[in-house]
Amino acid sequence: MKQYELFTSESVTEGHPDKVCDLIADTILDAALKDDPDSRIACEVCATTGMVMVMGEFTTETYIDIPHLVRGVVRGIGYTDASYGFDCDTCAVLTSIDEQSKDISESVTSALEKRESGSNDRYDVVGAGDQGMMFGYACNETKELMPLPIMLAHALTKKLAEVRKNGTLGYLRPDGKAQVTVAYENGKPAFVHTVVVSAQHSRDVSTDKLRADITEKVIKAVIDESLLRKDTKFFVNPSGRFVIGGPHGDTGVTGRKIIVDTYGGMCPHGGGAFSGKDATKVDRSASYYARYVCKNIVAAHLADKVQLQVAYAIGKAAPVSLNINTFGTGKIDDAKILAAVEKVFDFRPAAIIESLGLDRPVFAASTNYGHFGKEGASWERTDKTDLLIKETK
């Protein structure tokens with residue numbers, strides 16, 4: 001009998017209460033960057049029945065109409081009816097905003113290297129906005145060079161939103177989740193073992209109809225037949241009814257879906273969330289850059305999978321550590337790959353921002369269905385493969 005290892009990842013829809021908050025925070029960030037690329041934003045949001053609270057530290061030269069933006073986001077997600085317990089027109093929008101701490105601001109705008117050694121290097125101007133460690137990851141399981149479980153989970157939640165918005169399953173509501181368990185054989189995906197989908201719905205649809213519809217029009221429409229077996233398990237709304245959802249059913253807060261946002265648990269996480277943070281916060285920018293580096297390594301066929309860890313000290317431009325792990329899949333020694341990475345890529349925040357264009361309003365587009373694996377994102381480019389190959393010869 002074949003022995004398999006199981007790995008599970010989850011995703012949530014844009015109407016999940018935490019994701020409502022993430023998208024509001026990133027939309028506010030984008031509004032600031034649109035008119036002032038030097039904006040320093042740390043935006044936190046919470047949402048509950050009939051209310052959205054926006055908090056944080058903002059230093060920007062532009063005016064942000066927060067209530068207008070909040071209502072636009074909530075409307076776009078689909079909370080447009082007061083009977084949902086939370087909607088765009090009747091929710092209260094509260095704000096508590098202050099400026100960025102002067103201590104943090106000074107360490108970011110004049111890095112330790114410049115302050116102590118008088119460095120004139122333009123990439124030594126910006127220091128890391130906090131200490132911490134960040135991780136990147138890539139593998140050859142999918143065309144996006146992402147782990148299969150998280151990409152299937154995201155595909156399911158995106159499909160839930162699609163069939164809700166186009167009317168195919170018009171009784172669905174914005175909140176929902178999906179979870180996919182993949183069986184691995186000898187480290188490679190073999191088949192889908194279990195699928196779990198929970199979708200918010202109107203009061204007038206039966207559980208039997210909902211389960212049949214989602215099985216056929218969501219699960220089987222998304223997951224390739226070759227990955228399914230006769231004994232693949234489907235659990236659709238296993239709790240039964242799911243009428244009360246979104247911020248009415250559960251309070252939402254920014255930054256609570258950090259594993260959904262990254263690699264579905266396939267890779268460690270440094271603990272820092274993304275949404276609402278400008279790119280001087282290395283929690284976000286260095287994580288994006290680490291993904292960029294790892295994707296180029298795998299695209300260059302230097303490894304089948306790779307994990308990168310980078311760590312920073314607040315106010316210092318250059319990272320304090322860098323580590324590469326190919327889990328035995330490297331075509332050359334990990335030390336040689338690391339040496340090539342250090343020559344090709346610059347992990348100082350100013351260099352990251354310039355390289356990936358992170359002083360522009362690009363963040364709201366990244367909020368839902370994972371920050372990685374999306375075509376068009378600057379951190380998904382594979383434009384450094386030739387340089388990596390050259391440096392490793």
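**A guided reading of the predicted protein chain**

The protein chain carries 46 positive and 54 negative side chains, and the centres of these two sets are 5 Å apart. In this count Lys and Arg are positive and Asp and Glu negative, with His and the chain ends not counted; each charge is placed at NZ of Lys, CZ of Arg, CG of Asp or CD of Glu. The model is predicted, and local features need pLDDT of at least 70, side-chain atom pairs count only at pLDDT 80 or more, and totals for chains, interfaces and linings use all residues. Residues are numbered from 1 along each chain as its sequence is written, and side-chain values use heavy atoms, with hydrogens and water left out.

The overall dimensions come next. For 393 residues, a compact globule would have a radius of gyration near 21 Å, and the 22 Å of the protein chain agrees with this. The radius is taken over C-alpha atoms, and the globule rule is 2.2 Å times the number of residues to the power 0.38. The C-alpha trace spans about 70 × 60 × 25 Å along its principal axes. Of the 393 residues, 55% count as buried, where buried means under 20% relative accessible area, exposed over 50%, and partly exposed in between (1.4 Å probe, protein chains only). Among contacts (heavy atoms within 4.5 Å) with a separation of 6 or more, 74% involve residues 24 or more positions apart.

The secondary structure comprises 12 helices and 11 strands. These are DSSP runs numbered from the N terminus, helices being H or I with at least four residues and strands E with at least two. Strands of a sheet pair through backbone hydrogen bonds, either parallel or antiparallel. Here two strands pair if DSSP finds at least two bridges between them.

A second pairing is antiparallel: strand S10 (residues 305-312) and S11 are joined by 5 bridges, with Leu-308 and Ile-324 as bridge partners.

Thr-13 lies in the loop between strand S1 (5-12) and helix H1 (17-35). Its relative accessible area is 3%, so Thr-13 is buried. Beyond its neighbours within four places in sequence, Thr-13 is in contact with residues including Lys-19, Thr-157, Asp-175 and Tyr-369.

Most residues other than glycine have a negative phi. Asn-186, which is not a glycine, has a positive phi of about 55 degrees. Asn-186 is in the loop between strand S6 (172-185) and strand S7 (188-201), and is exposed because its relative accessible area is 76%. Phe-327 likewise has a positive phi of about 55 degrees without being a glycine. Phe-327 is found in the loop between S11 and helix H10 (334-344), and its 37% relative accessibility makes it partly exposed.
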